[in-house]
Amino acid sequence: MSYKLPMGPYHPALEEPYKLEMICEGETVCDAKLHIGFNFRGIEHLAETRNYIQVIALMERVCGICSNIHTLTLCQAMEKLAGQTPPPRALYIRVIMAELERLHSHVLWAGIAAKLMGFKTMFMACFGLREKVMDVLQTISGNRVNYSMNRIGGVNRDIPDPESVLKMVEILEREIIDTIVPVFTSSGTVRSRCAHIGVLTHEKAVSCGVVGPTARASGLMQDLRKVAPYAAYADMEFNVPVETDGDVRARLLVRALEIIESCRILRQALDKLPPGEIHTGDAKVVFMPGTAMSRVEAPRGEVFYSVSWKENSRNPSRVHVRTPTFANMPAVRWMVIGARVADTPLIQASIDPCYSCTDR
Amino acid sequence: MNVSETIPSTLQELDPGPERIGAHWFSPAPMSVRQLAQAMKNCSARFVTITAYQLPRDEGLCLEYVWDLDGALLAFPFRLAAESIETIYDICEAADWIEREVHEGFAIDFNGRAYEPLLLREGDRIGVNLREEVK
């Protein structure tokens, strides 16, 4: 006999509102339906009421984890409409901020995944490391969550002493590689808890149009930093980890390996940080009417912005945001079908969902 | 990258030109939205999103369908004669949530599909968030 089991709107692990309504037979999930919108804030409408400076501050608040990514994508779109190209130093600083944010996001996610596996010590270790990543972000930007780094034509703050930041990053890299990476790549406990559960096949990943680590864990080689480089990524050497199993373990492996690659990019960017200005310095920005599109590889996958401007307007006429979780979340239905109920919190968490981004 | 070499044969006679403000634009869209979805599926392009907006001076609504083809962003604007357009959900599964979101935000109907509430709750009024005349 089948029964309906609602999970949420309070998620058992992520403390964000979302609901998964599962149809179960015994302990097995037969089908599921997702409900979002519990935190809908109407940010796209609000953006139409803000001028080109205010809208950056607004979009930084779409997400508390990848806040920098949202302003980066927005500024890139607005720069296309304003005909501005940030100076090389600004592009490198954007890469540094984006990779630190990826580190922060992946380490935080690793902690939550560890907690869901019953590995509480690892959870504490990950959150301890996350604090250190935030220390680096604070050293650069003065802030720990919303960094206010991006502006039209560049960045707001310089990195006057890249060597000291590099030292912090090297210490951090050693700690992460010594603690998180071995546990997630070779521990038997992690393997037994994560292997062969929540499988998203390659075909289903293509059909659902998933992005980021969720796509790369199902064998899709897609990373905008490689295929459509922005900021200074074309100057960076790095690998894109791809796994083919499509299960929770594959998603975990991809993120663990991405941590190593992020550290590699950070070292290169800090080593090669070019001299010069950090923004174009244009006091007045004039936008041509039209629609510009921009996208960035956020920690969870592709963030897409479409920004429209009318003639002689101070405000955008439309800002559309497609976040990675919005693309990935429908695939959760296919991941949980056939899974045990007890595994579903970990399966849901394995896409590293951000409900704040999704609800906007 | 030369986009003309990778776009499906049904679109090859149209040259989108170089990337302009973030995408290669096929404007006006060269075929029906369903034919387009099928052509994109045939060439393994990844569906990105649909951006809806109101045109100035009461010129109606526009939907921009966006696909990624080997790292190139392809944008296809469709001006709506009425407040409806055919769904592509049955061809492109990835379009499900964004069609529902556009329906709720702009009160645009995607013909040939059923809706379940996405961001709104059952019975909430559609079009309130993003349509000028409904606000």
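Where is Asp352(A) found? Select it and you land in the loop between helix H14 (344-349) and helix H15 (355-359) of chain A; helices here are DSSP runs of H or I with at least four residues, strands are runs of E with at least two, and both are numbered from the N terminus. Before going further: this is a predicted model, where local features need pLDDT of at least 70, side-chain atom pairs count only at pLDDT 80 or more, and totals for chains, interfaces and linings use all residues. Residues are numbered from 1 along each chain as its sequence is written, while chains are lettered from A and ligands numbered from 1 in the order in which they are written.

Stay on Asp352(A) for a moment. Its phi is positive, about 50°, although it is not a glycine. Most residues other than glycine have a negative phi. Asp352(A) counts as buried because 26 other C-beta atoms lie within 10 Å (buried takes 20 or more, exposed is 12 or fewer, partly exposed is in between, with C-beta atoms placed from the backbone).

Now jump to His196(A), in the loop between H7 and helix H8 (202-208) of chain A. It also isn't a glycine, and its phi is positive, near 65°. Is His196(A) buried or partly exposed? Partly exposed, because it has 13 C-beta neighbours inside 10 Å.

Next, select residues 162-186 of chain A: that's helix H6, with 25 residues. It reaches 34 Å from first C-alpha to last, close to the expected 36 Å (1.5 Å times one less than the number of residues). Look at Ile177(A), where H6(A) bends by about 35°; that is the angle between axes fitted to the seven residues ending there and the seven starting there. Buried residues of H6(A) include Val165(A), Leu172(A) and Ile180(A). Among the elements covering the buried residues are helix H4 (88-116) and helix H11 (248-271) of chain A.

Zoom in on Ile180(A). Leaving out residues up to four places away in sequence, Ile180(A) touches Val107(A), Ala110(A), Cys126(A), Leu129(A), Ala256(A) and Ile259(A) (contact means C-beta atoms, placed from the backbone, within 7 Å). Along with Val95(A), Ile96(A) and Ala269(A), it touches the most other members of the 158-residue largest nonpolar core. Such a core is a set of buried Ala, Val, Leu, Ile, Met, Phe, Trp, Tyr and Cys residues joined through C-beta atoms within 7 Å. H4(A) gives the most to this core, with 16 residues.

Ser306(A) stands opposite His320(A) in S8(A). Six residues lie between the two strands, and Asn312(A) in the turn has a positive phi of about 55°. In S8(A), residues 316-322, six of the seven residues are buried.

Last stop: chain B. Four of its strands form an open sheet in the order S1-S4-S3-S2, with mixed pairing. Strand S1 (24-25) and S2 stand at the edges, each with a single partner strand, so one side of each has no neighbour in the sheet. S3(B) and S4(B) pair in the antiparallel sense over nine bridges.

Finally, show both chains: 25 residues of chain B are in contact with 29 residues of chain A. S2(B) gives the most to the side of chain B that touches chain A, with six residues.

Definitions and conventions. Two residues are in contact if their C-beta atoms, placed from the backbone, lie within 7 Å. Two strands pair if DSSP finds at least two bridges between them.
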